[in-house]
Structures are given as C-alpha cells and as structure tokens.
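Reader: I am new to reading protein models, and I would like to learn how to describe what I see. Could you take me through some features, one after another?

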Amino acid sequence: MPNNTIPVTANNPADAFNRLLTVLDTLRTQCPWDKKQTMETLRHLTIEETYELSDAILEGDLNEIKKELGDVMMHLVFYSRIASETNDFNIVDVLNGVCDKLVNRHPHIYGDVEVENEEDVKRNWEQIKLKEGNKSVLAGVPTSLPALVKASRIQEKARGVGFDWEDKNQVWEKVEEELQEFKAEFNVADNIAIDVEKAESEFGDVLFSLINYARFININPENALEKTNKKFIKRFQYLENKAKDNGKALADMTLAEMDIYWNEAKKL
C-alpha cells in the first residue's frame, strides 16, 4: 500500500489550489476508483453536486455551501486532469481560457468602452459573443437545462439584444391574454372533453409569460418555485406527523380533517 505524504493545509489561494491539484494527481494514479473515472462517468455526479450546492444556497446554509463548492471545484479539476492525459487540455488552459474570455467580454473594465448600468453590460456581453462566432444569441442556452430555467435564460438572452417588452404592464397583459386562451381550451365549468395537446401548448404559453413577468419584477422563477416546493414538503410532513401522533392514517382521513393540521402547519 502506498504511504503518501499528506499535503499540508495551505494559507493562501494559490497554495490551496495547488494542494487540490496534488491530491487529485495522487488519487488519479493510485486510487482504484479514481483511476477508472472518465468524463462520462463523472457527469451525473457533477450534476448531483451542482443540485446539492443549489439546495444549500436556498437553505442559506453557508457551511454546507462551502463544502459543496469544494466538491464542485474538485470535479472541475478532475475533468481537467483527465483531459491532460490525452494532451487535449489541462487546468492551465482552462483557467487561462476563462480569464481571457472575461477580459474580452468586459471592455468597460479592460478597454475604453463606457457603460451606464447593468443592462449595458449584458447587451455588450451578447454582442461580443456573436462576434466570437456564436451563430445565435440563444446558442449559449444548454438544451438539457430544466424547462423552467431554460425559459428564464432564453428571455434574458433575448433581452440582451433589445428584444423585450418596454414595461411590466405590457407583460402582465400578455399573462392575462395567455390565461384566457388556456381557459378557453380547458374550462372546468364546461365539463367537456378537451384537446389535451392544444391545452398543453396553451399552458406552456401561460408559464412562459409568467416567467417573463417574474423577470421584470426581479423574481427568479426557479428559486420561487423551489421555495414553494420546500414549504409544501414541510407542511405536508407536519400533517403526516400530527396524524401519526393521533393514531390516524392520511388515507382514512377526510380532507376537512387534514385541513385542520394543514392550517396549523401554515401558522408555524
């Protein structure tokens, strides 16, 4: 069994980053699990780590955020280490590449371009990306993004080149218009068969317009929905626990009985 010297704890960013590189190099050459990994086998783990970081951020758990950031950073170094083995690129190429991109896309900092606000920065960013070779403003939106996040990013990208509503009142009018169109396709009061495919399309339009309005009033729709998910989970679990404490099963309770505990949970 190898007996490697453990790299000492670092006291500055450069030494700390070098410590991570050293540890990853050792693991890659000596650990049976690390030696077998490829970019493809790491991919799903990276996605999992990213969601864990997202959860920690929403919970406001700074200690957990610190740990999850370390996990994500380890993965980024791991990918670079794998690529270096085939001489495709290494961590130096990765870091220089992102630095070059940031310098190039911030001409108001590293050049003579003047900006007045955040919106000017975003517009410049998208214009520079097109000059760099992107065929479409929307090309930078990953196809595998969850639909809610993707809709938000699409709208932000379009706004970056001036394709946007002028004020939030116009956006809300669009929300109401889409709601009416959806209601026309799926009106529960009519109690008649509906065209599910068409109703689904109209429902998608409603969601897209609501996401657009959220953007106008500076609400992140993904964060908002996830916070509501967490709120529902906490209240429902309170309902389950109270029912259990009283020797009841939810399946045997009426909705009115469950509402009593639900309303208690809302007050907590």
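This is a predicted model: local features need pLDDT of at least 70, side-chain atom pairs count only at pLDDT 80 or more; totals for chains, interfaces and linings use all residues.

Reader: Let us begin with the rings. How many aromatic pairs does the structure hold?

Author: In general, a pair of aromatic rings is described by the distance of the centres and the angle of the planes. In this model there are 4 aromatic pairs. One of them joins Phe182 and Phe203, whose ring centres are 5.4 Å apart and whose planes meet at 50°, so this pair is called tilted.

Reader: Why is an angle of 50° read as tilted?

Author: Planes under 30 degrees apart would count as stacked and planes over 60 as edge-to-face, with the rest called tilted. The 50° between Phe182 and Phe203 falls in that remaining range, so the pair is tilted.

Reader: Which helices do Phe182 and Phe203 lie in?

Author: Phe182 belongs to helix α9, which covers residues 168–185, while Phe203 belongs to helix α10, which covers residues 196–216, so the pair ties together parts that are 21 residues apart in sequence.

Reader: Are Phe182 and Phe203 buried or partly exposed?

Author: Here the reading rests on relative accessible area, where buried means under 20% and exposed means over 50%. Phe182 has a value of 18% and is therefore buried, whereas Phe203, at 40% relative accessibility, counts as partly exposed.

Reader: What can be said of the pair made by Phe232 and Trp262?

Author: Phe232 and Trp262 form a tilted pair as well, with 5.2 Å from centre to centre and 55° between the planes. This pair links distant parts of the chain, with Phe232 in helix α11 (residues 221–245) and Trp262 in helix α12 (residues 255–267), 30 residues apart. Phe232 is partly exposed at 46% relative accessibility, but Trp262 is buried, with a relative accessible area of 19%. Together with Phe236, these two residues form one aromatic cluster. Phe232 also has Ala265 at 9.7 Å in space, C-alpha to C-alpha, although 33 residues separate Phe232 and Ala265 in sequence.

Reader: Which residue lies over the face of Phe216?

Author: That residue is Arg159, placed over the ring face at 5.5 Å from the ring centre of Phe216.

Reader: Now for the helices. At what angle do α9 and α10 pack?

Author: The angle between α9 and α10 is about 160°, and their axes are 9 Å apart. Angles over 145 degrees count as roughly antiparallel, and the two helices are therefore roughly antiparallel to each other. The crossing of α9 past α10 is left-handed. Among the residues that meet are Val171, Trp172, Val175 and Phe182 in α9, and Phe203, Val206, Leu210 and Phe216 in α10.

Reader: How do the axes of α3 and α4 cross?

Author: The axes of α3 and α4 cross at roughly 160° and come within 9 Å, and these helices are therefore roughly antiparallel to each other. Here too the crossing is left-handed, with α3 passing α4. The residues that meet include Leu42, Leu45, Leu53 and Ile57 in α3, as well as Ile65, Leu69, Val72 and Phe78 in α4.

Reader: And what is the arrangement of α3 and α11?

Author: Helix α3, which spans residues 39–59, packs with α11 at an angle of about 80°, and their axes are 11 Å apart. The two are therefore roughly perpendicular to each other. Asp55, Leu58 and Glu59 of α3 make the contact with Asn223, Glu226, Lys227 and Lys230 of α11.

Reader: Finally, which features should I read in Asn87 and Asn218?

Author: The feature to read is the backbone angle phi. Asn87 has a positive phi of about 60° although it is not a glycine, and Asn218, also a residue other than glycine, has a positive phi near 60°. Asn87 lies in the loop between α4 and α5, while Asn218 is placed in the loop between α10 and α11. With relative accessible areas of 70% for Asn87 and 73% for Asn218, each of these residues is exposed.

Conventions:
Residues are numbered from 1 along each chain as its sequence is written. Side-chain values use heavy atoms; hydrogens and water are left out. Rings of Phe, Tyr and Trp (its six-membered ring) pair if their centres lie within 6.5 Å; planes under 30 degrees apart count as stacked, over 60 as edge-to-face and the rest as tilted. Helices (H or I, at least four residues) and strands (E, at least two) are DSSP runs, numbered from the N terminus. Buried means under 20% relative accessible area, exposed over 50%, partly exposed in between (1.4 Å probe, protein chains only). A charge sits over a ring if NZ of Lys or CZ of Arg is within 6 Å of the ring centre and within 35 degrees of the ring normal. Axes are lines fitted to C-alpha atoms, for helices over the stretch in contact, and angles run from 0 to 180 degrees between N-to-C directions. Angles under 35 degrees count as roughly parallel, over 145 as roughly antiparallel, 65 to 115 as roughly perpendicular and the rest as oblique. A crossing is left-handed if the near helix is turned anticlockwise from the far one by less than a right angle, and right-handed if clockwise. Contact means heavy atoms within 4.5 Å.
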